[in-house]
Amino acid sequence: MSRTSRLRKVLAGGAAVALLAACGSDDGNNSDPADEPQAEEQDAEDTEDAEEEPEALPDLTEVTIGYVSAVDQMGAAVALDIGFYDELNLDVNLAQPFPTGVDALNALDAGDVDFVQVGTPSIGAVLQGMDLVYLGNYSGSSSQLGIDETMAMVATEESEIDPDDLSTLAGKRIGVSIGSINHLYALGVLEDAGLGPDDVELVNTPPPDMGVAMETDGLDAAVVWDPWPITIREDVDGVFEVSRGGGHIAYIGYIVSTREYVENNPEVVEAVLTARAAADHWMRENPEEAADVTVRWIPGTEIEVAEEAMQYNIIQLDPRFSACNYLALDTMMQVFADMEVVDGTYDVNDHFMPGPILSVMEEYPELFDDLPEIPEEAQITPDYTFARGEAQSACPEG
C-alpha cells in the first residue's frame, strides 16, 4: 500500500479530540454556584484564545521513495510508520514496492521517485549512463568488508545437498536472480566450496517463483534474500537451510538518487538520511516491533517469518559510510565484470557522495553509538578518494 506522511493526520486527530471536548457538557445536577464566576472567567479566556490566529502548519517537502519487497529494505517503511520523516518536515510517499532493483532504478530514471534503495543493479545502471550517486547504506557494514546475514541458500531433501559438505552442490540446479546480490552470494558460497559457476546450473528465477520451482522439481536449491528463504522453508515440505550468511560476500545495499536531484536538494537529502538512520537505530533496538511493520508492508509475510528475518536484518543495519563501502562496491563490480555480467567498470569515486551521511553521523552520534566502531584507517572525510590497496588494508574481511 502507498502511504503519505502522518503529520497532518495526527493534527487532524488532535482537532477532532478538541472538537469532542468542546461538545461535552455537564448535566447541571452537580454544579456549585460558588464555581460560576470562575467558569465565566475561563469562558472569557477561551473566547480570547479562539480569536488568536491558529499556528501555521510547517511547510513539508514532498518526497517519494522506492523500495523492493525485502526485509532488509524495511527502513524506508519504518521511518514512515514511526514518524521520523514527519519530525524532519518531510511529506514522504512510498511508491508501490518494486519487484527488483532494476524496476526501482527505472522509476528513478523516469523521475517517478526521488530516492531508491538498491545494490548490484546500480552497477549496470551507471555503466549504461545513469548518473547515480551513493548516499548511504540501507544494508551493509562500514566496519568490515564481508557481511551477508540476510542471505541464505535452501535446498530440497531430494537434492542430497549436504550442508556440511558443500562440494555436493556440484551439478545441482540453483535458482538465483542473475545480476542481483543473491547471484553474488551463490558465487561466494561456490567459491568457498572449491566450485565455480560452471560446476552447477544457475537458473535465473524471480524470488517469488523459487518456492514453486523447488516444489515442482524445477530447482534443487535456491539462493535469495529474506524473507524468501524462510518463507520457502516454511511453505515447501522437505526444504532445509544449507547456508546462512558466512561472510561470503561484501554486501552492497545503498540509498541512491540522481546527481541532479542531490545537488538541487541538499537539505532534503540530509533529512532523508537522518530519518533513515533513526529508523535503523529503532529497528536495532526494537526488532519485534519492526517485524510487525514488515508484515504490513510485505504482503503475505507471516509474523513468525518476519521476526526471524528481522534478527538477521538488524546485524546489517549500518547506514554509515567508510572506505569499506567503497571497497565493497568496487569488489562486487569487478566480480561481475570478470563474469561478463556487466560490460566494464567505473571509478567508484565518481559516484559516492559521502558528505551528507558524514554530516548526519557528526550531528546525531547517538543514532550510531550501538554499532561496531569503524577502524581508524577506514574512516573517511567528505573529500575522501578511494584507493583499493589502502582500503583492503583498512577493512577486516569479516
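**Overall make-up**

Buried residues account for 53% of the 398 residues in the chain, where buried means under 20% relative accessible area, exposed over 50% and partly exposed in between, with a 1.4 Å probe and protein chains only. This is a predicted model, in which local features need pLDDT of at least 70 and side-chain atom pairs count only at pLDDT 80 or more, while totals for chains, interfaces and linings use all residues. Residues are numbered from 1 along each chain as its sequence is written, and side-chain values use heavy atoms, with hydrogens and water left out.

The chain has 16 helices and 10 strands; these are DSSP runs numbered from the N terminus, helices being H or I with at least four residues and strands E with at least two. Of the contacts in the chain with a separation of 6 or more, 81% are between residues 24 or more positions apart. Contact here means heavy atoms within 4.5 Å.

**The core**

In soluble globular proteins, nonpolar side chains tend to be buried together. The largest nonpolar core in this chain holds 130 residues, and F115 and L169 touch the most other members. Such a core is a set of buried Ala, Val, Leu, Ile, Met, Phe, Trp, Tyr and Cys residues joined through side-chain atoms within 4.5 Å. Helix α11 gives the most to this core, with 11 residues. Leaving aside residues up to four places away in sequence, L169 touches M153, I161, I174, V189, L190, L195 and V200.

**Two packed helices**

Helix α11 (residues 266-285) also packs with helix α3 (residues 75-82), at an angle of about 90° and with their axes 8 Å apart. Axes are lines fitted to C-alpha atoms, for helices over the stretch in contact, and angles run from 0 to 180 degrees between N-to-C directions. The angle makes α3 roughly perpendicular to α11, a term for 65 to 115 degrees; under 35 counts as roughly parallel, over 145 as roughly antiparallel and the rest as oblique. On the α3 side the contact is made by G75, A76, V78, A79 and I82, and on the α11 side by A275, R276, A279, D280, W282 and M283.

**The disulfide**

C324 and C395 form a disulfide with their sulfur atoms 2.2 Å apart, the cut-off for such a pair of cysteine sulfur atoms being within 2.5 Å. The link is left-handed, with -105° about the S-S bond. C324 lies in helix α14 (residues 323-339) and C395 in the segment after α16 (388-394), so the pair ties together parts that are 71 residues apart in sequence. C324 is buried at a relative accessible area of 0%, and C395 counts as buried at 4%.
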